[in-house]
Amino acid sequence: MNKQISRRTALGLLGATMTSATALRAMPARAATDGVIRFGGSLGMSGRYAETGLNIRHGYETAIKYINEEKGGVQIAGKTYSLELGIVDDASDPARATTLIQRQVDEGVDFFLGSYGSNVVLPCAGITEAAGKVTVQVGGSADQIFTQGYENIFGFFPRASRAWVTSIEFFKSIEPKPKTVSVMATNSAFSKLNAQAAAAGCKEIGLEVLDVLELPEQVTDSSSALATLRARTPDILITTTVDQNSLVIARQMIATETNVPLLYQFLGPQLPAYRESLGAKADGVVMQLPWDESLEFTDPTFGDTQSYIDYYNATNDRPFSYHTVGASSCITTYIEAMKAAGSVDPLAVRDALDAIDIVTAFGPVNFTEDGDGDPILMGAKIGQVQGGEIKVVYPENLRTAETLYPTPTWAEKG
Amino acid sequence: MRGFHKPISSRQWGLSALLLVGAVALPFVASPFELRLAQQILLFGGLAVAWNLLGGFTTYWSFGHAAFFGLGAFAAGLLGQQLGPEVPVALRLVLGLLFAMAVTLAAAVAVALPVLRLRGIYFAIAMLAFAQILGEVSKTFDVFQGAIGFTLPILKVPGLAKVQLFYFLFLVFLMVCIGLFVVMRRSRLGVGLTCIGQDEDTAAMLGVPTERYKLTAFVISAVLTAVGGVLYSYSLGFMTADTVFRIDISLNLILYSMVGGIGTVAGPIIGAAIMILLTQVVLGDLLDLHMLVTGAVLVAMVTLAPKGLIGLVRDMRRRREETTVEEGAAS
């Protein structure tokens, strides 16, 4: 029973490990031939951001598969290129992400696709920036990413402090005019930054901010915050919360009969699971729409939004999210920039990205001089659940329904 | 844990000197990726050695050392912000290190007094909770900026790239951790802690000042971990609470120690090197399988070498010596 590992076995294992390591490291190098454009980057495919990471990965893969298989690659300056994706799992760990990104930089990858979460995106941006490589990303919007003076990073969303431009304009457009607002946030960078921006924007247009209520990062009980709301009921309640947290808050508002004339939930109502869970009670809830399938856009790769959706559904089992569409449009944006530059030189592509002004399945793409998304063109639209479906209620040129305000009470919704 | 007072042999001195020369030369020959890997091995190896100052000698296994890692990072970061850009970055880093050490020392003493009265799993869970609480506090109170995060200034030294500079800082950090571990192991404190690890009640009856020794080891371990947190946050340049108050950091320190060998000086460093190379080089490209393979490798290692790799080597050497003696006696 007390069998020792023989030297031969130990050496064999060591040799096998080293051979595997060498072979694995050699694989990307072999692929880096002329006629192939490699995209690198990391995503949190395990760890706390795994769900969104997988959505983004599917978006990248769908666009690359379509371009390679359906279009036979891309033509840039008379030469045909196929696309290759080299994404690694950063496990939502910044140290791991920076190391893996450095490896891709060392291997000669010129074009990067970002991770998810500003605390991962920003340290990685420091490495790609120093190496003169370009990053187009759909997963980080903290102001700090775009205020470091970096010239090579582009984001598909407006920076956090500008993400509320459309929403504030929407509040201004509501009739009869709301007078008061309360904001509810959780303890996360995303939620807090958005809450600050929302409160500041509301104040600017003359809305009185009654309360800014804070909840833990994972909301399980919002009853004390709701008690405050019942005592000082605002005309608009903004929750800068994400998917599951938004659902918990809405459910507890229903259970405690906490009514407000307008409930605005940043992220959550966009998901079918949210609307199915609340049923008729979801009617009237307003949300930011980074993207919605009802918005028809042309797309230089897929033709239009509907064609993109059809292809995605035909080739993937996973339901798409706005991150998925955004990720696919990152690839399209890169390709269009390369075509405009007539080159796959990263600096030329960077300059073309600076000037890009196109429409993709995700919507218009136009970056500010700091690299974040233009707050008007790439800012969110405003949606409202009406009859179980999401209708676009703002901006007016994209409107598919009039805003319902004030909304019925929970009891009146049936 | 054998041989506390065994003198360091000339062979060990020679090997250590050789390793140090190699480590100093590495930044001038390695690629940036290899240097970043080495940085992580040095930092997390050092942190695992620091964790071993208490967990390696005794059965007080902290599952919440990320608390001190984050505390140090936040203390230095916030002080740096208060000092402002007019203070040179290097001075801000030094002052931040001193401030982080002072804050962590105070916090470690405060938390140790109640927590070190607990033993085994209760101590482990209390530390886990402490780390979670600190993470939440840093996010709840806006003054700490844990939720929205903050940037740290870029440290520059002429002639050295950032990746080289932090490699050397992490190397110094590891050397300090190793030095303290070796000194402690060879001191009365180390002997006392080992006695506590074997049987705390008997040690107390025999006159070992158990409370004082545990407190001392806990505080030194916490302060070193905070120093690691400061260097880590400066190396990244941007941090939020999610960057440093991470449970996987706490768990990895235990994991590295288990893989290499708990209670040894080389074990945690070897464990860190193996796990970092395994997850980021060997399995780094296996997008969907790396977690599965890592888990399988860990199960195999823990099953085949429950005392870690150092323990495995020692067992193999002992068996070989026994075999030699038996063969000698038979002939």
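Tutor: Two residues are in contact if their C-beta atoms, placed from the backbone, lie within 7 Å. This is a predicted model: local features need pLDDT of at least 70, side-chain atom pairs count only at pLDDT 80 or more, and totals for chains, interfaces and linings use all residues. Residues are numbered from 1 along each chain as written, with chains lettered from A and ligands numbered from 1 in written order.

Student: How do you know that chain B is in contact with chain A?

Tutor: By that cut-off, 31 residues of chain B are in contact with 36 residues of chain A.

Student: What makes H2(B) stand out on the side of chain B that touches chain A?

Tutor: H2(B) gives the most to that side, with five residues. Helix H2 covers 32-55. Helices (H or I, at least four residues) and strands (E, at least two) are DSSP runs, numbered from the N terminus. Strand S2 (238-239) is also among the elements giving two or more residues.

Student: Which classes make up this side of chain B?

Tutor: It divides into 13 nonpolar, eleven polar and seven charged residues. Ala, Val, Leu, Ile, Met, Phe, Trp, Tyr, Cys and Pro count as nonpolar, Asp, Glu, Lys and Arg as charged, and the others, Gly among them, as polar.

Student: Why are 21-282 and 287-331 of chain B called domains?

Tutor: Because domain bounds come from an automatic or database domain assignment. That assignment gives domain 1 (21-282) and domain 2 (287-331). Their centres, taken over C-alpha atoms, are 28 Å apart.

Student: What makes up the contact between them?

Tutor: Twelve residues from domain 1 of chain B and ten from domain 2. On the domain 1 side, H12(B) gives the most, with six residues.
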